[in-house]
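Have the sequence and the 3D view open as you read.

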Amino acid sequence: MIINNNTIRYTLLLIYIFILISNIFPADKYFFYIQLADKNNSEFSLDNPSEYLSSKSLQRRIEQSISIDSTDLPVNSSYISQIEAKGVNVHSKSKWMNGVTVMMEDTSIVSSIRELSFVKEAKYTGKILSTPSEAPRRTKRVKNEFNYGSAAAQTNQLNGSVLHNLGYTGKNILIGVIDAGFKNVDTNIAFDSLRLQNRLIGEKSIISHDIDVYQEDAHGANVLSIMTANLPSQFLGVAPHASYLLIQTEYVPSEYLFEVDFWVSGIEYADSAGVDIVNSSLGYFEFDDASLNYTYSDMNGMVSRASRAANMASQKGIIVCSSVGNEGTNPWKYISAPSDADGILTVGAVNTGGTIASWSSYGPTVDERIKPDVCAVGWGNSLVNQSGSVVTGSGTSYSSPIITGMTACFLQYCKENLPGAYSVDFIRQHIIASSSKYTNPDDRYGYGIPDFNKVINQVITNSQLELNDNKYISFKYDYNLKELNISLNSMIEIEFATISFVNVTGNIVLTLPVRSKNEIISLASLSKGVYIIQINDKSKRIVSKIIIPE
């Protein structure tokens with residue numbers, strides 16, 4: 001886990017939680033993930049998405065020309081009823097994964113669930129004991145015009161004041177914060193502006209309806225403070241005018257695989273509520289039951305359901321920012337889930353001087369994608385604690401919200417100045433291309449420290465932007481000439497390769513043969529909008545995305 005708390009306070013918190021769960025979970029509970037085979041005979045329709053998606057969620061898809069598809073349909077309610085009839089409680093559901101997490105006291109029931117015709121598999125994901133016998137074996141750890149106070153260094157390292165002084169402070173951007181708890185956010189003076197301006201949109205515990213997230217772990221509150229706390233002359237967050245939705249998915253007393261599925265439910269809830277960006281300062285690789293552990297070979301973005309959900313969120317127009325982890329000096333060493341996901345911004349930790357923290361986890365992914373993507377201050381951060389005092393803390397948990405907040409400010413810029421001509425990839429690639437090690441990324445810094453002054457200048461003045469984080473291909477698009485320069489590596493079989501451009505309705509609008517490793521293709525015939533690029537050779541299909549503006 002990527003959480004760092006004072007030992008005494010943490011012990012007291014555990015005592016409180018153990019008392020709380022004795023009421024919430026009066027008997028031993030066992031969790032299983034049930035993978036469903038299909039969504040046949042759904043009572044919902046793709047023709048009427050307002051029945052299961054909020055207007056804000058639909059608007060986000062419209063703005064980015066993203067189609068509604070079967071993954072948006074809720075899990076079949078008939079299947080849920082049949083599973084519950086076996087004597088279990090369906091704790092949470094995932095429409096993207098098309099599965100459910102069930103909770104039961106008698107594990108023998110699972111065999112009858114497996115016999116249901118629509119069930120593909122049922123896997124154990126962990127347990128909650130009604131009376132925990134001992135404290136967890138691991139601690140949770142993490143190691144101008146605006147007066148930023150003690151937050152000035154971490155904001156200015158990214159040239160964040162440039163966006164702020166232009167009026168881009170995250171206004172009208174909704175950020176979902178997935179974390180362990182948000183202690184005292186409802187009363188902390190540092191969040192009084194957030195509450196009084198009605199920017200605290202809501203809160204939800206995926207763990208239990210009976211949990212008050214404002215009485216839980218303080219880690220999420222610390223993360224939130226980095227983005228939006230406001231103590232005049234003392235501290236100002238990096239996205240001071242954004243709105244926030246708080247989601248608790250992390251069960252602090254133990255570490256089991258079911259928390260991964262809680263995380264999936266959390267990000268799906270965020271999608272349905274219409275968030276624009278999600279910050280996740282959580283990571284998973286090792287569990288209290290070692291048989292459930294991930295291995296480094298699983299870190300390809302496709303094994304963990306959390307990683308797959310993070311990627312799917314990016315495909316649905318949500319920018320996902322995830323801490324890379326604090327395992328750099330530990331035996332594990334590498335990234336964890338969901339920070340291995342493709343299409344997201346995975347964030348490492350540096351100090352205010354730009355030096356990487358020794359404990360910031362290493363990349364790359366197993367399939368050799370650059371991770372982390374970028375870095376921000378996570379070593380000696382300034383933040384506001386649960387008592388409303390400005391303190392310091394360390395951990396990649398605290399570098400991720402800096403990137404999240406600044407990305408919200410850039411997204412505000414895009415919404416106001418580039419309507420219909422931006423996407424998650426567009427935003428992510430502009431941030432990456434501005435970073436200090438863009439031309440020589442490595443497995444510690446990734447592409448380095450972003451510069452949001454450069455980000456803005458890229459959009460306003462630069463005619464070209466390279467998109468080069470795919471191991472097979474890289475692109476350079478000339479916005480003035482409407483020309484796409486494609487470079488392919490030796491793994492592409494040129495003699496069999498074609499390139500196609502697919503519009504948002506799924507129609508192929510242009511197909512050309514690939515004649516060489518470096519192709520220049522005119523896209524002047526294509527109207528503005530989002531296009532999927534497909535490169536096919538004899539054995540591979542590579543997919544990317546491009547925005548053609550006015």
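The report below goes from the whole chain to single residues.

## The model and its overall make-up

This is a predicted model, in which local features need pLDDT of at least 70 and side-chain atom pairs count only at pLDDT 80 or more, while totals for chains, interfaces and linings use all residues. Residues are numbered from 1 along each chain as its sequence is written, and side-chain values use heavy atoms, with hydrogens and water left out.

The protein chain has 13 helices and 23 strands; these are DSSP runs numbered from the N terminus, with helices (H or I) of at least four residues and strands (E) of at least two. Of its 550 residues, 60% count as buried, where buried means under 20% relative accessible area, exposed means over 50%, and partly exposed lies in between (1.4 Å probe, protein chains only). The accessible surface comes to about 20600 Å², with 48% belonging to carbon and sulfur atoms; the areas come from the Shrake-Rupley method with a 1.4 Å probe, and for residues only the protein chains shown count as cover.

## Two nonpolar cores

A nonpolar core is a set of buried Ala, Val, Leu, Ile, Met, Phe, Trp, Tyr and Cys residues joined through side-chain atoms within 4.5 Å. The largest one here has 72 residues, and Ile175, Tyr244, Phe410 and Ile427 are among those with the most contacts inside it. Helix H11 (residues 396–417) gives the most to this core, with 10 residues. A second, separate core of 45 residues includes Phe31, Ile206, Phe285 and Ala310.

## One face of helix H3

Which residues of helix H3 (residues 77–84) are buried? They are Tyr79, Ile80 and Ile83. Seen down the helix axis, these buried residues fall within an arc of 100°, so they line one face of H3; the arc is that of the directions from the helix axis to the C-beta atoms. As a reminder, an α-helix has 3.6 residues a turn, so residues three or four places apart point the same way.

The cover over the buried residues of H3 includes strands S1 (29–36), S2 (89–94) and S3 (99–104), as well as helix H4 (110–114). At the start of H3, a side-chain oxygen of Asn76 comes to within 2.8 Å of the backbone nitrogen of Ser78.

## Aromatic pairs

Rings of Phe, Tyr and Trp (its six-membered ring) pair if their centres lie within 6.5 Å; planes under 30 degrees apart count as stacked, over 60 as edge-to-face and the rest as tilted. The count comes to 15 aromatic pairs. One of them is the edge-to-face pair of Phe31 and Phe262, 5.7 Å centre to centre with 80° between the planes. Phe31 is buried at a relative accessible area of 0%, and Phe262 is buried at 1%. Ring pairs link Phe31 and Phe262 with Tyr251, Tyr256 and Phe258 into a cluster.

Tyr168 and Tyr413 also pair: their ring centres are 5.3 Å apart and their planes at 80°, so this pair is edge-to-face. The pair links distant parts of the chain, 245 residues apart, with Tyr168 in the loop between helix H6 (160–165) and strand S5 (174–179) and Tyr413 in helix H11.

How values were computed. Contact means heavy atoms within 4.5 Å. A polar contact is a pair of N or O atoms within 3.5 Å; within protein, one must be able to donate a hydrogen and the other to accept it, and residues adjacent in sequence count only if both atoms are side-chain atoms.
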